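Let's take a friendly walk through this model, one part at a time. Have a look at the picture below before reading on.

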Amino acid sequence: MATSWTPDRPIVQCVDVRKSFGALEVLKGISLSVRKGEVICIIGPSGSGKSTLIRCINALQPITSGSIQIEGIEVSDPRLDKLALRRKVGMVFQQYNLFPHKTALQNVMMAPIHVLGQKRAEVEVRARALLAKVRLAGKEDTYPGELSGGQQQRVAIARSLAMRPDIMLFDEVTAALDPETVKEVLVTIRELAEDGMTCILVTHEMNFAREVADHVYFTDRGVIVEHGPPETLFTAAKDERTQRFLSQVL
Amino acid sequence: MKTGEPGHRLAVLLPYRPAPVRMSVRIGPLPAALLCFCAIMAASTAWAQTGPAMLSPLQVIVKWSPLLLRGFAFNILISLLSMLLGTIAGLGLGLALLSESRLLAAVSWLVTQFFRNAPWLVLLFFVMFLVPFQVIMFKTTIPLPDWIKATVGFALPVMANVAEVVRGAVRSIPSTQWEAAESLSFTRRQTMWLIMLPQCIKRMLPPWMNIYAIVAMSTVLASIVGVSEMLTLTAQVHAAEGGRPELFAPLYGFALLCFFLYCYPINIWTARLERRFRVR
């Protein structure tokens, strides 16, 4: 399991990933690779398997066949230490999923304290800094229920970052937000990308994808139809399906 | 398994109160108490007209009330202890119901169903007659008086009902909370104790209090197996006063009144908590 991984190799490597729910095959052989510090966006119509793929990457769902390697660790290995894997991979969800009985600060502090066993005082300094970074200084003692969607999502980002992951996964993180709060979340993600965080985003925000992504993958019905740097994909898509999708959303 | 509308969340807790607890005619605690008191008074005035030679029912109650109230205190003690015992055991059983181990979940499901669907009195009989009156452990004899056995007998159904409340409450938390915890590398146990159960307390409190009110009222069943709680004492007092038929209603009315005054506020409070947690 402990294959030697060096930063010059892809940090995430998916090879022919297949995933079925019963008779329904959702992922039909997905291959992609992400280098350290890269930002990739996965776009495509609803039900094309984007979210499933991202959930397979941090082993929230098992894959049926194929291979996903993160820093050289095989995710589909039955002996995989899922907890160790997830410490490397942060995930932000569409519905924020903050812990409603904890304040913003506590939400951020919980995992480092209980999972990593770090000292409370030390974690608190870091958690406050993270909340400030996502522009939520002053909201430390507020409960999720009292925060707007955009604010909750930024707390969720800070909560993931507190674990100091190597990779961040964003699963349609702006899809449930009001249009006016989408921007504040995107700004946060962009800053993260600029800091060199490896990010995999499933998104419907085409302009954002165009702006921040190093590489864009277009998926439809469980396959990657086309991929390339955003300027090529968005302006000179080769596949007819990609063209049709882009003409609908742009 | 995901929750539907928020109003449905508590639906899993419904089995404990299949029918609405509150009556359509709302009687405040004070008028209700007055009603009971009037019934006792009416009986005593009726008696006063027939002859002064014997004590009136009211005098009988006053005379025996210290003993009867001591019996009532005993009922409360039994109910509190069996609730404590049943809650601790029920929490364990509830967690076992939610266990990832199929075997453990299946066994605890059987246990839960068995104790939830057995008549309380039958369980009480079983515990009374199957458990010895004393156990000898490390050469010391530990006596097991009837009331302790009765407490255990009541704790069994409490355990099963609390287990269902725990299971229902944890299941009612959206599965996305599990995913969020998983993605942050929390272990299953940590997720349960740090994230699930703290969120469940609010949801569990009203049905838990409901169970308590039922236990408190059920403690009189212990009279059947000879524990000297209030109902047993009431029967003895009645006998000591010559078993006069006109004493029957006032004496048992007094017992009713005591239980009512104890349980009614609990129910009111439960309903209030339910309403408060629902708006959230």
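## Two packed helices in chain B

Helix α2 (residues 57–97) and helix α8 (residues 230–240) of chain B pack with their axes 8 Å apart, at an angle of about 155°. Helices here are DSSP runs of H or I with at least four residues, strands are runs of E with at least two, and both are numbered from the N terminus. Axes are lines fitted to C-alpha atoms, for helices over the stretch in contact, and angles run from 0 to 180 degrees between N-to-C directions. Because angles over 145 degrees count as roughly antiparallel, α2(B) and α8(B) are roughly antiparallel to each other.

Which residues meet? From α2(B) come Trp64(B), Leu67(B), Leu68(B), Gly71(B), Phe72(B) and Asn75(B), and they meet Met230(B), Leu233(B), Thr234(B) and Val237(B) in α8(B). Contact means that C-beta atoms, placed from the backbone, lie within 7 Å.

## How to read the model

This is a predicted model: local features need pLDDT of at least 70, side-chain atom pairs count only at pLDDT 80 or more, and totals for chains, interfaces and linings use all residues. Residues are numbered from 1 along each chain as its sequence is written, while chains are lettered from A and ligands numbered from 1 in the order in which they are written.

## A sheet in chain A

Chain A has nine helices and 10 strands. Four strands form an open antiparallel sheet in the order β2-β1-β4-β5; strands pair if DSSP finds at least two bridges between them. β2 (24–34) and β5 (73–74) of chain A stand at the edges with a single partner strand each, so one side of each lacks a neighbour in the sheet. Gln69(A) stands opposite Glu74(A) in β5(A).

Key: Parallel < 35°, antiparallel > 145°, perpendicular 65-115°, else oblique. Contact = placed C-beta atoms within 7 Å.
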